[in-house]
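Colleague: I have a model open and a list of labels for it. Take me through what each label rests on.

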Amino acid sequence: MPEHPATGLVGRQEETARLRALLTGARTGHGSGVLVEGEAGIGKTALVEALTAEAAAAGTRVLRCRGVRGAATGFAGLHELLHPVLDRLEALPPRQRQALRVVFGAAEGTAPDRLLLSLAALGVLEEAAQDGPLLLLVEDLHWLDRSTVEVLTFLPQRLRELPVLLLATSRERDRAFPETVALEPLTPADAEALVAARTPGLPGERRRVVLREALGNPLALTELATAHARTDRAARAGTRVPMSRRLEETFLGEVEELPGPTRHALLVVAAGEDATRQEVFEALGGLGLSAGDLDPAERARLLRGTGDRFEFRHPLVGSALYDAAGSVARAAAHGALAAVTRHPARRAMHRASAAVGWDPGAAAELAAVAETAARQGAGTEAAAAWRRAAALTPDRDDRARHLTAAAEAARRAGASVEAAALLAEARAVTSPALRATVRRAARTDWVLSMTADHRGRSTSELVALAEGEPDARDRLEVLVWAATRCHVLQEPPPVRAAVHTALRDTPTVPGSALRDVGLALVVPGARLDRDVVDRFRAEAPDVDGVLLNALAFSAEEAGDLATAELCWTTGVDVHHATARSSDEVIALCGRASPRAGLGDLTGALTDAEQAYRLGLDLDLPVVAAMAATVTARARAWRGERDRAQRALDEARALPGAAGFARVAASTAWAAGVAALLDGRHADALADLARTAVNGPVALWAGADLAEPAARTGRPDLVEEWARTASAVAGTGGSAHLALLVERSRALVAADDVAGTHYEAALAHGRRAGAGADLDLARTRLHHGEWLRRGRRITEARQELAAALRSFEAHGVLPLADRARQELRAAGAAVVVPAGGREEAVRSLTPQELLVVRLAAQGLSNKEIADQVYLSHRTVGSHLSHAFAKLHVTRRSQLVGALGPDLPG
């Protein structure tokens, strides 16, 4: 855009000032991300180029990448952006370093998880920023490859303490950027000033026509004024054509004035916008053209060479040229580029674009490109390549394989709607004889039906599919999918019975736990034997997270929190090792609740806080909300009332999460516990009653009903819950649940029978073992209070003292205070602990506590970073703050400083 003599860019003083302020903030360590958004020709490039020039002149290093229309190579933009600083790769933690190497084709390995890759990109920028401030310029974000966009949009919220500004331009708004500069049309006065500066000799009538046609668009003002001055053409009064189309027509008018060979050569450049200049020259030679044929376009300022690429005066020049050309001419241009392009992926794309009808060779090349993209984690681009390969192959079976692979790639990329459409296409061409392809499609279909709004094959259809599998293991695998559907979707008894029969009639596979796992999922309340879980752990890396989740939930519903925690831990370990962070976050969130139930409040908080943070990072609002509810419940038990309320507010604020019954029930449970500990018994009862919307949550939350029910005269609510819980405890043999049932009945029973219930509860608690220690302590507290009211003081003191020791060990301060008060009322002398260490540990933020716990186990900063999905410099910052709060100077002092908060 031309400069105005007084103000620089015409009409953009306010926008320029905002961007300068953000750049100044970044230079002082307060980085951010800003999106300059607006229609084609509105002046985005001119604005950011002006800022880039200022930044470079002030010593800010500029890293840049640019989106290319039709780009299909995964992570091409990310590689362009980070290539100048890849020498900093060695400073990253191992997993993060490997992730970048895999996506850039520098190493073999499994497809990296998007979160891990994004952290690696952030880590490289952190390292590069040690030498000085950075400006990351991303032009045409709307045309950048999708895989790169997903990484770049992770960055803006994480640059706040770095001297880095991410500046992107786009025709579309993206809410991932905390700052947006929306460019509007110029005011009439500014528009007139721009036209006067560009074409001072334009007659007044034509100037008015240009101003009316351009609607304040700077590029339109410039180009239309120039066209009027050059061609003396009359305006098309009264037409309503989109601005981008009007500009394209203007550019085409200029192109039409060029010689025929030049127009043909420009089409080659438009077809290969990501081609190097040498590739363009060689492609021109293949068409009987020469490099000199581009000279007229360069003299007309339609084209220029920048580095080793050609660049049009505006991207609309290229799109106008390409769209106006006939299909034969476009195919010839792509064919010429395919013959000279050295990059395998780009060569395959050009060859596919040049194909007319079936082309098995081009299809094979595209399939190879798709395989590579999938290995590198570029699921969107892999799906597109496989889909195009299917369209080019005449062989029906190969087409089915390509479409099935495309569906799975799309699913992994989070494109559920596209994955479902691809599955439908694949099913239409897949022969039943292609057992492996059918099974692979069925697996994608099953996972999609468990994780997205997709109906998929019914449970009965899965049973029918399994019956056709000749291999027992394959058959069992499909039947376990069916069993998982039974559990997750709460299928009716006849459907469960059919799955149960099919599993029972399938021979066992030596060493495999699949059959036992499937049977446990179709029998409500069935208890999984520990040896089955241990055998299944060896098979877990080959199964989907949905199955592990179902197993863990099944164990919780059977009253076996220890096995549930083991299943969730298996998920955490497996998904972490295989870099599946979304599944890992779900498992962390899942594990937090049984840990809280088992009395490990520190472990529960560690899991829940990490799951909340990562759930937000990965756009998993339901998981984040669930994690926040566990955080609220655990903090309430620890007496951290304000933190518990904040966590509840966070859970309620997450969009869409409240509509899930499990989230609503868990939120009500946490609110009920907070009310109970505050002595608001009516509120507690109302909150806890709302947990009934989800049976599995209500099974455990119902144990907290008894005290508020007793205080408000509603013992009927307790007995209703106790009958359900007692039946589950009887089926699964859960001593923990039996303890809760007897304690609840004791709290609402008459004095002449309450003692019997308390004695039964204590016996069940001793049988349940360490996992029920906190609930046993609560039982001792209530029993001690009951004994004291009955004047059995000696026995009361024994129970209350045992309860107090447990509450202090678990950090349950409200109940510890209550036990002390009861002991004093019973005439016992009570010493309140000084609490220096405990207060110091409580002052740590969740991330600081997580980091110091791992540091105390001997992990290095980089090992911790890989473990908890942080950059190693962020880990170092957390450790520094934690050391100051704990009053330590060395890692060796952490074990003593943390005490019971250090995991075993």
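Modeller: Of the 904 residues of the chain, 56% count as buried. Buried means under 20% relative accessible area, exposed means over 50%, and partly exposed lies in between (1.4 Å probe, protein chains only). This is a predicted model: local features need pLDDT of at least 70, side-chain atom pairs count only at pLDDT 80 or more, and totals for chains, interfaces and linings use all residues. Residues are numbered from 1 along each chain as its sequence is written, and side-chain values use heavy atoms, with hydrogens and water left out.

Colleague: How many helices and strands are in the chain?

Modeller: The chain has 47 helices and 9 strands. Helices (H or I, at least four residues) and strands (E, at least two) are DSSP runs, numbered from the N terminus. The C-alpha atoms fill a box of roughly 110 × 70 × 55 Å along the principal axes.

Colleague: What share of the contacts with a separation of 6 or more comes from residues 24 or more positions apart?

Modeller: Such residues account for 66% of those contacts. Contact means heavy atoms within 4.5 Å.

Colleague: What makes Trp-446 and Trp-481 a stacked pair?

Modeller: Rings of Phe, Tyr and Trp (its six-membered ring) pair if their centres lie within 6.5 Å; planes under 30 degrees apart count as stacked, over 60 as edge-to-face and the rest as tilted. A search of the whole structure finds 4 aromatic pairs. In this one, Trp-446 and Trp-481 are 5.6 Å apart centre to centre, with 15 degrees between the planes, and the pair is stacked. It links distant parts of the chain: Trp-446 is in helix H21 (residues 435-451), Trp-481 is in helix H23 (residues 472-489), and they are 35 residues apart. Both Trp-446 and Trp-481 are buried.

Colleague: Why is the pair of Tyr-758 and Trp-786 called tilted?

Modeller: The planes of Tyr-758 and Trp-786 stand at 45 degrees and the ring centres are 5.8 Å apart, so the pair is tilted. This pair also links distant parts of the chain, 28 residues apart: Tyr-758 in helix H39 (residues 751-768) and Trp-786 in helix H40 (residues 773-789). Tyr-758 and Trp-786 are buried.

Colleague: How do you know that Arg-158 lies over the face of Phe-154?

Modeller: A charge sits over a ring if NZ of Lys or CZ of Arg is within 6 Å of the ring centre and within 35 degrees of the ring normal. Arg-158 is 3.8 Å from the ring centre of Phe-154 and lies over its face. Arg-277 lies over the face of Phe-310, at 5.0 Å.

Colleague: What makes Glu-205 and Arg-208 a salt bridge?

Modeller: A salt bridge is a side-chain nitrogen of Lys or Arg within 4 Å of a carboxyl oxygen of Asp or Glu. Glu-205 and Arg-208 meet at 3.1 Å, N to O, and form a salt bridge. They are 3 residues apart in helix H8 (residues 204-214), so about one helical turn separates them. Glu-205 has a relative accessible area of 48%, so it is partly exposed. The count comes to 64 salt bridges.

Colleague: Which other salt bridges can you show me?

Modeller: Arg-595 and Glu-565 meet at 2.9 Å, N to O. That pair links distant parts of the chain, 30 residues apart: Arg-595 in helix H29 (residues 581-597), Glu-565 in helix H28 (residues 561-577). Arg-595 has 16% relative accessibility, so it counts as buried. Asp-583 and Arg-580 form a salt bridge too, with the closest N and O atoms 3.5 Å apart. Arg-580 is at 19%, and is therefore buried. Glu-609, Arg-635, Arg-638, Glu-640 and Arg-643 are linked in a network of salt bridges.

Colleague: Which residues touch the most other members of the largest nonpolar core?

Modeller: Leu-78, Leu-82 and Leu-100 do, in a core of 141 residues. A nonpolar core is a set of buried Ala, Val, Leu, Ile, Met, Phe, Trp, Tyr and Cys residues joined through side-chain atoms within 4.5 Å. Helix H5 (residues 114-128) gives the most to this core, with 10 residues.
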